[in-house]
Amino acid sequence: MCIFCKIINGEIPSQTILEDENFLAFNDINPSKKVHILVIPKEHYDSFDVIPPKIMASMTEFIQKLVSKVGIKNSGYRLITNIGVDGGQEVKHLHFHVLGGEKVGKMVS
Ligand code: 5GP
Ligand code: ZN
């Protein structure tokens with residue numbers, strides 16, 4: 001089982017920020033910005049590349065709710081999802097990084 005599936009079933013502790021029946025948002029263990037939240041579907045998909053578009057639509061709604069809740073909707077934020085080897089994906093369970101709470105910078109390295 002992948003580490004994010006273990007977070008979903010409680011085997012690995014995490015700080016939950018928002019949760020519903022399909023998605024979970026929790027703090028990244030190694031934050032690169034003041035706000036660094038990971039958003040994952042509870043069902044395992046290896047990456048964005050294989051998520052059914054209908055589930056992605058619900059995930060969009062969930063992320064929009066999340067950024068309101070944590071107060072970065074108006075100040076702005078960056079969403080990143082890394083895909084595969086060239087995309088630099090380390091954990092093979094689809095996740096969006098939500099970065100904000102300060103200026104994120106022009107480029108993603
Ligand atoms: P990737 O490089 O796959 O896009 O990002 C993986 C992210 O997961 C990294 O930012 C890393 O800090 C985070 N991460 C890895 N293991 C854990 C963990 O056990 N708990 C939490 N909260 N975050 C993790
Ligand atoms: Zn998983």
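In this predicted model, a backbone N or O atom of Glu 90 lies 2.7 Å from an oxygen atom of ligand 1, a polar contact being a pair of N or O atoms within 3.5 Å. Backbone atoms of Asn 27 and Ile 29 also take part in such contacts, as the table sets out.

| Backbone N or O atom of | Atom of ligand 1 | Distance |
|---|---|---|
| Asn 27 | nitrogen | 2.9 Å |
| Ile 29 | nitrogen | 3.3 Å |
| Glu 90 | oxygen | 2.7 Å |

On its own, ligand 1 has 520 Å² of accessible area, of which the protein covers 84%; accessible areas come from the Shrake-Rupley method with a 1.4 Å probe. The shell around ligand 1 holds 16 residues, and the closest are Asp 28, Asn 82, Glu 90, His 95 and His 97, where a residue counts as near if one of its heavy atoms lies within 4 Å. By class, this shell has 7 nonpolar, 7 polar and 2 charged residues, with Asp, Glu, Lys and Arg counted as charged, Ala, Val, Leu, Ile, Met, Phe, Trp, Tyr, Cys and Pro as nonpolar, and the others, Gly among them, as polar. Helix H1 (3-8) and strand S2 (23-27) are the elements that give two or more residues to the shell, and H1 gives the most, with 3 residues; helices (H or I, at least four residues) and strands (E, at least two) are DSSP runs, numbered from the N terminus.

Residues are numbered from 1 along each chain as its sequence is written, while chains are lettered from A and ligands numbered from 1 in the order in which they are written. Local features need pLDDT of at least 70, side-chain atom pairs count only at pLDDT 80 or more, and totals for chains, interfaces and linings use all residues, while side-chain values use heavy atoms, with hydrogens and water left out.

Note on methods. A polar contact is a pair of N or O atoms within 3.5 Å; within protein, one must be able to donate a hydrogen and the other to accept it, and residues adjacent in sequence count only if both atoms are side-chain atoms.
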